[in-house]
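Biologist: I would like to learn how to read the features of a model such as this one. Please give the general idea each time, then the case at hand.

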Amino acid sequence: MMRALAFFMAAAAAGFAGCGTGDGPEDAGRPAGRPPIEGQPPGPMVLVKGGAFTMGSPDTDKLARNVEKPPHQVTVSSFWIDETEVTNAQFAAFVEATGYITRAERDIDWEELKHQLPPGTPRPPDESLRAGSMVFTPPGHAVPLDDIRGWWSWVVGANWRHPEGPGSNLQGRENHPVVHVSWDDATAYAKWAGKRLPTEAEWEFAARGGLASKPFTWGDEPVSDGDPRANIWQGDFPHRNNGADGYAGTAPVGSFPANGYGLYDMSGNVWEWCADWWRVDLYRHRTGKGEPVVDPAGPPNYFDPRNPHERQRVTRGGSFLCHDCYCAAYRPAGRRGTAFDTGMSHIGFRCARPAGEGDG
Ligand SMILES: [Ca+2]
Ligand SMILES: [Ca+2]
Ligand SMILES: [Cu+2]
């Protein structure tokens, strides 16, 4: 659907926020991160003790969108989750070991793509089906916020190794989150690492870091108060990012304070794929049934009337392109759907795995 986004996207379609050019300040390292455990799959993980929590946002949260409502009680079992987003270095180790080729590195199969488009959509020329990805290309001036084509471009040759397209590379970004990975790319990595993607419920429970029903992963204070708390967008979206938090594009993972569970960048930096299908009406469905919700694995199918043909999976946490004027999804309850085959400059992931016996 990546190519489809570029060519057929309706003006007011999905609420995709932008992405930077990756020219932020030098790698600041991970201030409080722990080194990987010897003999373990890449990346340290944190054990999150299961429990019950309120998932979603109340009406009093002025930044909340309807898809986050109504708030409802959900119980999750204990699980492990990556302390940080998966980095370029970690993803490179996976590719090195397996020879995996991501979706953005493959030409687009029209036979597959057409099922995600309105029936009867004409086949674009071959040239338009060449391998590439969606790259944030900020305009030089203010543009209407109802048309994401104002700041997103299909760039042939853009992929995880070349985040801004041919000519760009990962030098100095080894510890930044990998981007331009699709849901199936992320799932393949997780399988290799002996993990899986988190469910949407696990993700939100982890993002809240033990704080009940708070609007932000750090509590109540606005993101702009005092020290930077997350890598989001400052200035005027999408044309002027003043980089006040230190990063106009992605930041090295762990550059901002961890949440209450010791997890980094659950707010901002890059969006993170979850295992679940995306349904805009999921929470209304659940609360309508009135049954206890325990370890929900997500709905059996996707549903979004604005994008009826896209097979969308859940993405969480917002990105360095989040700005309250446009998309405040850096809040733990923020959620949206993204076509499963779509990589973008601001979408990455982290992995989870179930807690075993003896994990407490
Ligand atoms: Ca930023
Ligand atoms: Ca994130
Ligand atoms: Cu956002």
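Modeller: Begin with the elements: helices (H or I, at least four residues) and strands (E, at least two) are DSSP runs, numbered from the N terminus. This is a predicted model, where local features need pLDDT of at least 70 and side-chain atom pairs count only at pLDDT 80 or more, while totals for chains, interfaces and linings use all residues. Residues are numbered from 1 along each chain as its sequence is written, and chains are lettered from A and ligands numbered from 1 in the order in which they are written. The protein chain has six helices and 14 strands. The loop between S12 and S13 holds His346.

Biologist: Is His346 buried or exposed?

Modeller: A residue is buried if 20 or more other C-beta atoms lie within 10 Å of its own, exposed if 12 or fewer, and partly exposed in between, with C-beta atoms placed from the backbone. His346 has 28 other C-beta atoms within 10 Å, so His346 is buried. Its C-alpha atom is separated by 7.6 Å from that of Asn269, 77 residues apart along the chain. Of the 360 residues in the protein chain, 49% are buried.

Biologist: In what order do the four strands of the open sheet run?

Modeller: Two strands pair if DSSP finds at least two bridges between them. The order is S12-S11-S9-S13, with mixed pairing. S12 (335-339) and S13 (347-348) are the edge strands, each with a single partner strand, so one side of each lacks a neighbour in the sheet. S9 (residues 271-277) and S11 (residues 312-316) are antiparallel, paired over three bridges; Glu272 has Arg316 in S11 as its bridge partner.

Biologist: Which residues of helix H4 are buried?

Modeller: An α-helix has 3.6 residues a turn, so residues three or four places apart point the same way. In H4 (residues 183-192), the buried residues are Trp183, Asp185, Ala186, Tyr189 and Ala190. Seen down the axis, they fall within an arc of 160° (taken from the directions from the helix axis to the C-beta atoms), so they line one face of H4. Gly194, with a positive phi near 75°, follows H4.

Biologist: What covers the buried residues of H4?

Modeller: Contact means that the C-beta atoms of two residues, placed from the backbone, lie within 7 Å. The cover includes helix H2 (88-98), S9 and S11. Leu197 touches Ala186, Ala190 and Trp273, among others, not counting residues up to four places away in sequence.
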